[in-house]
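Biologist: I am new to this structure and would like to learn how to read it. Could we go through it one feature at a time?

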Amino acid sequence: MKNRKVGIIGAGAVGATAAYSLAMMGTCNEIVLFDIAEGIAQGKAIDIAQATHYAPQPTIISAAATPAEVKDCDIVVITAGVPRKGDMTREDLLMINAKIIKSVTEDVMKHSPNAVIISVSNPLDVMTYAIHKITGWKSNRIIGMAGALDGSRMAYQIYKKLGYGAGQTGTLVIGDHGKNMIPLPHKVQVGDVPTTDLLNDDAFEDIIERTKNGGAEIVKYLGTSGYYGPGRAIAHMVEAILNDSKTVISCSVLLNGEYGYSNITVGVPVVLGKNGLEEIIQMTLSTKTKEKFKASVESIQEGIDILEKNTFFDS
Ligand code: APR
């Protein structure tokens with residue numbers, strides 16, 4: 001990609017950490033941050049720009065004063081949203097974040113009309129679907145960040161069980177980015193050794209549960225959700241796209257018949273390259289995994305149904 005310019009909308013914990021991670025890797029020529037809350041993008045952009053002084057390669061980091069200044073980006077990462085507050089129902093949160101996503105997406109369409117969008121705001125799969133519907137863009141250009149993070153959390157749990165193989169472990173998690181996610185630890189390898197030669201059924205069950213609770217475990221300690229893991233996972237996806245590296249990563253993408261489903265965004269392994277989504281990889285799923293995948297799809301559909309019930313797509 002020519003400009004290697006990345007826009008990040010929502011310069012909160014996750015957005016800023018993605019920017020920092022990219023800056024430390026020297027992946028982009030330019031990163032521009034925007035946040036609706038005054039001062040956040042400006043302050044973080046200055047801090048990250050100063051950190052780039054010791055980075056392996058220079059990156060221009062700036063803050064946009066208006067959404068219009070996030071322009072001509074190759075990739076736009078959307079992390080804008082609000083966290084759930086005490087009296088909000090799941091439906092309230094969904095509608096609030098969906099409205100934010102709608103206005104942000106309309107800005108991206110105007111100012112970065114050729115971008116690939118990486119969607120991060122929660123509920124992730126539903127927001128990714130909303131962005132597909134709002135833009136009407138080809139489905140390769142909208143990709144949800146889910147499995148990249150959940151997979152790194154699974155690899156961490158496998159390492160914790162074994163005590164070796166850090167950084168050498170597969171990351172396969174499919175399904176939704178929520179309570180029905182489907183970690184597949186028995187399908188991956190540590191080094192070149194299948195985990196089925198290393199771990200027993202109890203260990204696999206434990207890894208699956210701990211992976212699903214990976215986000216909650218961090219909240220328990222910090223009182224807020226994690227951001228280093230999500231930030232790095234976003235950067236990993238950006239690197240694959242900007243470098244056209246054709247890297248296999250689980251992402252939430254729009255299915256068109258793959259895995260037996262259409263018109264739904266859900267996590268599956270895909271190939272990322274210069275066009276964004278290059279290819280959806282169709283794995284053979286066991287009967288049990290197919291059932292779990294169905295439950296995952298249904299839980300995402302429930303969120304989409306709420307948007308439809310509230311006539312979100314009508315205007
Ligand atoms: N335009 C730009 N920024 C916005 C908008 C908007 N319309 N609405 C909200 N924001 C900003 C907020 O001001 C805030 O700085 O989005 C930022 C979100 O950052 P945090 O609250 O720190 O949340 P974070 O932990 O970064 O998570 C961001 O990613 O993983 C998901 O569930 C998470 O949806 C959340 C998102």
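**Reading the ligand site**

Modeller: This is a predicted model. Start with burial: Gly-10 has a relative accessible area of 7%, which is under 20%, so Gly-10 counts as buried.

Biologist: Where is the place of Gly-10, and which residues does Gly-10 touch, not counting residues up to four places away in sequence?

Modeller: Gly-10 sits in the loop between β1 (5–9) and α1 (13–25). Leaving out residues up to four places away in sequence, Gly-10 touches Gly-15, Phe-34, Asp-35, Thr-79 and Ala-80.

Biologist: What does UniProt list for "binding site"?

Modeller: The unreviewed UniProt entry lists several residues under that name, including Gly-10, Val-14, Asp-35 and Asn-122.

Biologist: Which of the 18 residues around the ligand come nearest?

Modeller: They are Ala-13, Val-14, Asp-35, Thr-79 and Asn-122. Val-14 belongs to helix α1, and a polar backbone atom of Val-14 is 2.7 Å from an oxygen atom of the ligand. For Asn-122, a polar side-chain atom lies 2.6 Å from a ligand oxygen atom.

Biologist: How much of the ligand does the protein bury?

Modeller: Taken alone, the ligand exposes 730 Å², and the protein buries 79% of that. The elements giving two or more residues to the shell around the ligand are α1 and α3 (90–111).

Biologist: How many residues of each class does the shell around the ligand have?

Modeller: The shell has eleven nonpolar, six polar and one charged residues.

Technical notes: Residues numbered from 1 in each chain as written. Predicted model: local features only at pLDDT ≥ 70, side-chain atom pairs only at ≥ 80, totals over all residues. Heavy atoms only, no water. UniProt positions renumbered as here; feature names shortened; annotations may be inferred. Buried < 20%, exposed > 50% of the residue type's maximum accessible area, 1.4 Å probe, protein only. Contact = heavy atoms within 4.5 Å. Near = heavy atom within 4 Å. Polar contact = N/O pair within 3.5 Å; in protein donor to acceptor, adjacent residues only side chain to side chain. Areas by Shrake-Rupley, 256 points an atom, 1.4 Å probe, with all protein chains shown as cover. Nonpolar A, V, L, I, M, F, W, Y, C, P; charged D, E, K, R; others polar.
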